[in-house]
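Hello,

Please have a look at the structure below. My notes on it follow.

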Amino acid sequence: MALTPKPAILQINRYKQGLSKAKGNKRIIKLSSNESPLGASPKAIDAYVQAATDMHRYPDGAATLLREAIGKVHNLNSERIICGAGSDEIIAMLCHAYAGDGDEVLYTEYGFLMYAIYTRIAGATPVTAREENLRVSVDNVLAAVTPRTKIVFIANPNNPTGSYISKDELLRLRQNLPENVLLVIDSAYAEYVSNKDYTAGETIVDMGKNTVMTRTFSKIYGLASLRIGWGYCPESVMDVLSRVRGPFNVSTPAILAARAAVLDTKFTRQAKEHNDKWLPWLTKKMEESGLKVYPSVGNFILVEFGEGAKNADAANDFLMEQGIIARNVASYGLPSCLRFTIGTEEENEALAEAIEEFYGV
Ligand SMILES: Cc1ncc(COP(=O)(O)O)c(C=O)c1O
């Protein structure tokens with residue numbers, strides 16, 4: 001008999017990462033993966049280099065130094081912080097621990113694609129709730145809950161839409177979900193948001209025993225290649241995840257670089273200021289070219305291209321020829337849109353110029 005995986009595995013649509021190459025082009029402007037245009041803090045790079053001499057030693061599996069630094073900067077109890085190889089791994093651990101055969105995991109129509117993948121790996125069924133105008137609808141999420149629902153994932157802000165829901169809406173969701181449903185607030189882009197009605201979710205985690213917040217070092221901290229993220233959990237969830245976590249799931253260079261990055265609050269502030277300046281600038285430029293831009297509070301924008309000859313595919317081809325790599329979001333069910341990460345000053349200007357040229361403005 002032929003070797004076969006569990007049937008659910010073959011139902012997974014493979015995750016395709018943002019492209020990083022444009023054929024035959026010397027100048028590459030990679031705006032496809034929401035990475036930081038400013039790179040990592042020099043202090044994080046230094047910590048990474050220093051860690052090289054200890055490569056023969058296993059890491060501290062509990063990532064104690066990093067958890068303490070996160071706890072200090074965010075004013076959180078480090079005993080309830082779990083670190084993972086990207087927030088991705090925390091999402092995977094939660095699916096493995098809380099969902100299995102016959103269970104449902106709920107997220108929204110344009111939610112982050114990895115929720116569905118880890119749900120299927122865990123043997124559970126992914127279920128989506130419709131969004132309204134590319135924004136999470138708490139009513140639609142609540143209406144999609146069944147007795148089989150075990151986890152609800154809300155990316156806030158969401159990728160690829162850039163939209164967010166307020167603290168009040170998140171609270172209403174939590175308060176109306178059954179107690180045995182785990183709410184995961186995925187706040188990968190939290191550091192970019194300044195809106196007064198926004199919360200990354202810490203206080204909601206502290207209100208009960210059934211909410212987790214996940215965060216990443218891949219975005220504003222510029223450490224995407226190190227694969228390091230974290231979650232803030234109630235005590236009981238921390239206990240469960242500590243059993244599920246591989247003994248050495250994060251590496252020493254990642255632990256030490258992330259620790260230096262989170263402590264370098266000045267650098268983080270500069271990265272936010274850069275985004276605060278260029279997010280509205282690029283939005284305006286796109287709008288001046290006649291394009292619809294969905295309001296974003298992240299470090300990227302979702303842009304709608306019309307039907308016809310100058311559609312998203314044509315724009316993508318045109319940009320690729322110039323070495324500008326956007327994110328095709330057809331796999332998210334948004335074939336008429338492209339997503340662009342906010343780049344450096346030069347990159348943003350080059351993108352705006354290329355879009356103007358494409359439309360003959
Ligand atoms: C909403 C959201 N959550 C989680 C992640 C995963 O990030 P990482 O695994 O790099 O921490 C991403 C990455 O793009 C994301 O957009």
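The shell around the ligand divides into four nonpolar, seven polar and two charged residues. Here Ala, Val, Leu, Ile, Met, Phe, Trp, Tyr, Cys and Pro count as nonpolar, Asp, Glu, Lys and Arg as charged, and the others, Gly among them, as polar. In total 13 residues surround the ligand, and the closest are G86, D88, N159, T216 and S218; a residue is near a molecule if its C-beta atom, placed from the backbone, lies within 6 Å of it.

This is a predicted model, in which local features need pLDDT of at least 70 and side-chain atom pairs count only at pLDDT 80 or more, while totals for chains, interfaces and linings use all residues. Residues are numbered from 1 along each chain as its sequence is written.

Next, the backbone. Most residues other than glycine have a negative phi, and most peptide bonds are trans. The bond from N156 to P157 is cis, with omega near 0°, and another cis peptide bond joins N159 and P160, with omega about 15°. P160 lies in the loop between β5 and α6, and P157 is found in the loop between β5 (149–155) and α6 (167–176). Helices (H or I, at least four residues) and strands (E, at least two) are DSSP runs, numbered from the N terminus.

N34 is not a glycine but has a positive phi of about 55°. Phi of N133 is also positive, near 50°. Is each residue buried (20 or more other C-beta atoms within 10 Å of its own), exposed (12 or fewer) or partly exposed (in between), with C-beta atoms placed from the backbone? N34 is buried, with 25 other C-beta atoms within 10 Å, whereas N133 is exposed, with 9.

Regards
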